[in-house]
Amino acid sequence: MALTETDNGSSGGDGGESDIIVKTCVLGGFSESDETRALISSLPEVQGDMVSTESVTQRFLVIMNRYQEQPHLLDPHLDWMFNMILETIRNEKSPPSLVHLSFKFLYIICKVRGYKIFMQLFPHEVADVQPVLDLLSRQDPKDTETWETRYMLLLWLSMTCLIPFDLSRLDGHLESDGGKSREPIMDRILAIAKSYLVVSDCSRDAASVLVSKFMTRPDVKQKRLGDFLDWSLMTITQTNDQSMTDIMVLDGALQSLAKLYKHGKREDLLQYAPTVLQCLEKKHLSDSSQAMLRKLGVKLIQRLGLTFLKPRLAAWRYQRGSRSLAANLSMSQTTAVTAAVSPDVETREQEEDYDIPEEVETVIEHLLVGLKDKETIVRWSAAKGIGRVTGRLPKELADEVVGSVLDCFSFQETDNAWHGGCLALAELGRRGLLLPSRLTDGKVLIYPRTDQKRIETFKELKWEKKNLQQHVDYDKSGRTGLFSLSYITQALFLLLYKAGFALFFCSVYIASFPEYTKAMIDHLVEMKINHWDGVIRELSTKALHNLTPQAPDYMATTVLPRLLPMAVGMDLLGRHGAILACAEITHALYKLDATDELVTLCYCTFLNVVVLSRGFGGELMRPAVCGLIEKLSLSKLPFKNDPVITGWQWLIDDTIKTLHLVSSGAKDGIMTAVVSALSALCEEYYQIQPGQADPQMQDVLVSQYTEGLNSPQMLTRCGSALALGSLPRFVIHSKMKQILEGLQQMCTVSQKEGSFPEARRDAVRAIAQVCVTAGVDTHGSPDSVLCSENVSEVYGTLLDSMNDYTTDSRGDVVVVFMSTLPDLCCSECRVKCMMCCLVQQAAEKIDRYRAHAGNIFLRLLHSTEPAVPHIPHREELLSIFPPETTASLNWNAPSQAFQYITQLLGLTQYQYHTLLGLTVSVGGITESTVHFSSQSLFDHLKGIQHNSVALTQFGDTLLSIFRDNLRNDRVAIPFLKMLNQMLANSCFEIFTTQENHQFCVDLLTLCKEIKKSKDISKLRACISVFCGLIQFQGNVRKKVLSQLLMLLCHSFPVIRKTTASQMYEMVLTYDDVIDPEVLDDAMTILSDTNWEDDIPTVRTHRNQLADLLQVPRPQVIAKVTTEPTEVFL
C-alpha cells in the first residue's frame, strides 16, 4: 500500500512545535545532486547547440535558485561541482564557447552561495597566477555575452593574490620575450583591476574585491598604494552622476575604496583618510539621484570613521543581565543603571587620554544625514555605520550620538527619518551602546498597522520607572480593548517570529474574556483546523485543547458533533485537522472528568478513521490517527477488548511494516507518532490487572517486533526496534531476554553486513530504553530485569556501538542508566573502557556529541551517591576538572572544551583515545573547531617540546593511531592534515637534530602505504606530510625526496601538479635541501613545467630535477599483472 505525500511537513506526532516548524519551513538537503552532476557532465555535448545550451542552463538555474534562502545546503556538494567545471575549463582542448559556458555555471553557483564563500574554492597556488592572468588578459571587456567569465576570473585572480611570496619573484624569467621587455606581474594585475573598475557589468564588483585583496599585500602597498589612491580620487573628482558612463566609473571607484578601507590595515591607510574624506565632502554624494552612489558614499565614510578611531571595546557598554525580558523589566531602574554602567577609574583615564580626531564629527554628520535618506539600503548602511563608530567613542561622545539619533523621532521628520532612527537604535542596542539611562528620556511613537493600511490613530509608549502600560485602540480584528504591555510585547514578538505560535498563545488569552470565548473557538474550528498550512492546523488543535477548560460543555455538545463529520469527510486537510482536534478536545475533557458521554457519540467515527488512513493521504493521516489513538488511550475510554482496539493495533503494525514506502521527510514524524501511540495503547488496554500483561497480546507483540528486526527493509527494522523500546514494563517482564537478544543480534549482524546504520542507531536506543524501563536488580531474573547475568552483554553492545561511526547515535546512550547500576557496571576493565570512549567522543569535532560525552564524563567523575570506582587517574582528573566545571564548562564551545581535553594527553591511560578524538577535530574542516583544537594541541606540545621522554611517548602514540587507521579514511585523512600542521609548527624539532630518528623512519614507512591510495584528498595530504618530513636529517631526507619525485610522475595529473607546487614551497622554506648554485634551475623546472602533460614528457623534467637534487632517478619496471611502476633501484 503506497503512502502519498500530500502536505509537506505535516507529519503529525508529538515531536514538538519547533520540530514542526523545521519540517515545514526549510529544505532538508541538496536533493538534486544526481541531476546536477548530469547537467554539468553534459556541457561538452550541448555547448555547440544554442537550444540545448539554453535548456541545460535554465534547468541548472532553476535548481540552484531553490537554495537562495538556504545556500549552506550546497556546501557538501560545492567541491565536486567546482572540480567538475574547473576540469573542463583547464582542459586545453575545450573550445572557447565551452569555457564561457563553464564559467557561467560557476557564476550561477557563486550567485546562490555568495562570492565570499565560493571564491575560497579557487586554487590559489603560485602556478595559478600566470595562467589566470593570461586568460583574463585575453578577455574582451565589451563582450556582453561573456561577462560571467570575466567576473569569475577576477575572483580567481583575487585568490591568487593571497600567495605569500613577493610578486617580483615571479618575474624572474618573464623580463624579456623576443627582445621586448614585459610588464611586471604587479603592474599587470593593477592595470586589469583599474580597467574593470570602470566597466558597466558585474565584473566591476569583482574588480573591487580584487583591489581589496591585491592592494593590501605587503609588497604592493609599499609601491602602489599611494598611486592607486591618487587615481581613485582623481576618478571621483572628474566624474559626475549625470551620465550613465560616469555613474559606473564612480561606482567602481567608491566600491574599491570602501573594500580597501574595510580589509586594509589602519596604520597603512590612516595617513590618506583625511584626503579621501575631503574629496567625498566636495563631491556631495548625499545629493546624488543614484541610490547606489549614496549608499557607497555612506559605506566609505563609515569606513573612514573607523580608520580615524582606534579599535577598542567600549568599557561603558551595557552589560545585560538576565536574558528574560520580564525579569529585566521587573528590576528597578536604578539598580539596572548602576549595575550596567559603572566605569572604573582606569577606564575613565583611558578615555580622557584618547584624543578624537576632528574628522570624526564630520563622519557622524554624514551618517546622521544618511539615516534620513529616502532609500532603505542607504538608511541601513548609515545605521550600521552609526553603531560601529559609536562603539569606538568615549561614553560622553557616544551619548551625544544617541541623542542625535533620538532627534529623528520628531513629528517634523518624515517616515524615512523614523525608520532610519529605528534601525540605528537597533544597531546601538545590539552592540550594548544604548544605555538604560537613555530609556527614561526616550519616547517612541508606534504606528499600528493592519495588513497593508496604516491606522491613522496611534498611542504613545513611555518607559516608566516601575511598569509599562500601553493602550491599544485598534487591532487587526477591529475590536477595542485594554491589554497589558507584558502580553502585547510577547504577542508582537511571536508575530514577528512565527504567526502560528502567535495564534496559539493569543487565542488562549483572547478567549479568556467571556465575550470572546465561543467566537474564538468557532473561528479555530471553521477557519484554522482546515488551513492549508499543517503547522497552523496542529497549533490550532493545541489551542482548542487549552480552550476546553473555559467552555467544556460547549466543546462536548457543540464542537465535537461538528468535528465528527469532518473527521470522516472527503476534504483531506479538513479530515486531518478534525482528527487532531477530536484527539486534543477528548483528552482535555478527560482531564475535566467530562468524557462519559463521548463513547457513544464518537465510537463509529473512531472505528472508521482507521479505514480512512489507508491509501491516498496516508502520510498525512497515519500520524494524525496515531495521535488520536494515543490521546484516547490516555483518556481511558472504555474500549477494552473492543474491536476498535484491534483496528488501532492493526494500523500501528501496518505502519511499521510500510515505513519504507513513506517519503524521507515524513518518516521521522510518523515513527514518533506510532511509538507514542503503541506505548499509550499497551498501558491502557493490554493489562489484565495492574502490572500484569495479557499473555496472548504480550506474546504477539514481542514476537512480531523481534521478527521485524530481521526485515530486509531498514525502516521496518527501525520501527520494530523503537516499538520494543517503547513497551511498558509489564510487557517486557518475562520477555526481556528475547528482546535483548534480538536487538543485540541486529547490531552485531548489521555491523558485519556494513549496512542499516539507522537501524543500528535505533537498536542502541531501544536497548537503553528497555533496560531503563525494566529496572535493575543485581540478583534478579535476566528475563525480567537488568542483573549481573546480562549486564556484561548489554554493556558490551553499547561500548562496541561507540566505535560504530556509521551511526548517528555514537553509542551516546551507554550511560543513560549508569547511575542506577553501581554494583553491576563498575568492574575495572569496563570502567576504563567506558571512560576512554567518553574521552574520545569529548575530543571529537561534532559539538553536540562532544557536549553529551563531556557532560556524562564529568557526571561520572564527580558522582558521589554512589561514587564510580576504578576511574583511571582519578586524582589528576579532579585537578583538571574541579567540581565547578560541571556547571561552568560549555562543551559545545570549542574555545572552552579543547583547552581542558588536551590536558588529558599527559595521562597515560587516556593519551591514545584523547589523541584519536583530537585527530578528527584538528584535521577537520570547521574553522572554529580546527582553530581551537589545534591551538590547544600545540600548547600541549610546546610544554613537552624539550622533554624527550614525553615527546617520544607522544610520538609512539601518534604512530600507533596512524598504524591502526591506515585504511580508515575517517581518521587517516584528518590525521595527515594534523600531522602536517605539527611538522609545519616544528613540534618535533628535538628529533630533527638526530640523523635518521626512529620516529621519522617509522612515519615515512607508514606514509609510503598511504601513497598507494587512489584517493585524491588522501594523496594531497600525504604530499604535504612528505614535504614536512624534509626537515629531518640523514638518509631519511633522501628517501623523502625520492617519494616526492615519484609522485611527480603519478598517474593523476592533479597529484603531479600538487606535488610540484608543494615542492616549490618546500625548497623556499628549507634552504638546505638543495645546493644554492642550482636552486634557480630547480625552481624553474618546478614552476614552468606543465605537470599535466603526458607522463613521458613530464618524466624528462622530473629526471632533470632528480639530478639537481642529487637523488637517483626512479626506474620504471614493468610487472606482469599490473601497469608499469616506478621504483628506486
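1. Helix 2 (residues 33–41) has four buried residues: Ser33, Thr36, Leu39 and Ile40. Buried here means under 20% relative accessible area, exposed means over 50%, and partly exposed is in between (1.4 Å probe, protein chains only). Helices are DSSP runs (H or I, at least four residues), numbered from the N terminus. The four residues lie on the same side of helix 2, because they cover an arc of only 120° around the axis; the arc is that of the directions from the helix axis to the C-beta atoms. An α-helix has 3.6 residues a turn, so residues three or four places apart point the same way. The cover over the buried residues of helix 2 includes helix 3 (43–46), helix 4 (50–65), helix 5 (75–90) and helix 6 (96–113). Contact means heavy atoms within 4.5 Å.

2. On the source: this is a predicted model, in which local features need pLDDT of at least 70 and side-chain atom pairs count only at pLDDT 80 or more, while totals for chains, interfaces and linings use all residues. Residues are numbered from 1 along each chain as its sequence is written, and side-chain values use heavy atoms, with hydrogens and water left out.

3. The structure holds 30 salt bridges, a salt bridge being a side-chain nitrogen of Lys or Arg within 4 Å of a carboxyl oxygen of Asp or Glu. One of them pairs Arg217 with Asp219, with the closest N and O atoms 3.2 Å apart. Arg217 is buried, at 6% relative accessible area, and Asp219 is buried too, at 8%.

4. Arg562 and Asp522 form another salt bridge, their closest N and O atoms being 3.1 Å apart. Arg562 sits in helix 30 (residues 552–567) and Asp522 in helix 28 (residues 514–528), so the pair ties together parts that are 40 residues apart in sequence. Arg562 is partly exposed, with a relative accessible area of 29%.

5. A salt bridge also joins Asp1072 and Arg1037 (3.4 Å, N to O). This pair links distant parts of the chain, 35 residues apart: Asp1072 is in the loop between helix 55 (1053–1069) and helix 56 (1079–1088), and Arg1037 is in helix 54 (residues 1035–1047). Asp1072 is partly exposed at 43% relative accessible area, whereas Arg1037 is buried at 10%. Elsewhere, salt bridges that share partners join Arg90, Asp128 and Lys1057 into one network.

6. Thr914, in helix 47 (residues 908–922), is buried with a relative accessible area of 0%. Not counting residues up to four places away in sequence, Thr914 touches Val839, Ala843, Ile901, Leu904 and Leu905. The C-alpha atoms of Thr914 and Leu838 are separated by 9.3 Å, although the two residues are 76 residues apart along the chain.

7. The axes of helix 53 (residues 1016–1029) and helix 55 come within 10 Å and cross at roughly 20°. Axes are lines fitted to C-alpha atoms, for helices over the stretch in contact, and angles run from 0 to 180 degrees between N-to-C directions. Helix 53 and helix 55 are therefore roughly parallel; angles under 35 degrees count as roughly parallel, over 145 as roughly antiparallel, 65 to 115 as roughly perpendicular and the rest as oblique.

8. Ser635 lies in the loop between helix 33 (618–634) and helix 34 (643–657). Ser635 is buried, at 1% relative accessibility. Its contacts, not counting residues up to four places away in sequence, are with Thr586, His587 and Tyr590.

How values were computed
Helix = DSSP H or I, 4+ residues; strand = E, 2+ residues; numbered from the N terminus.
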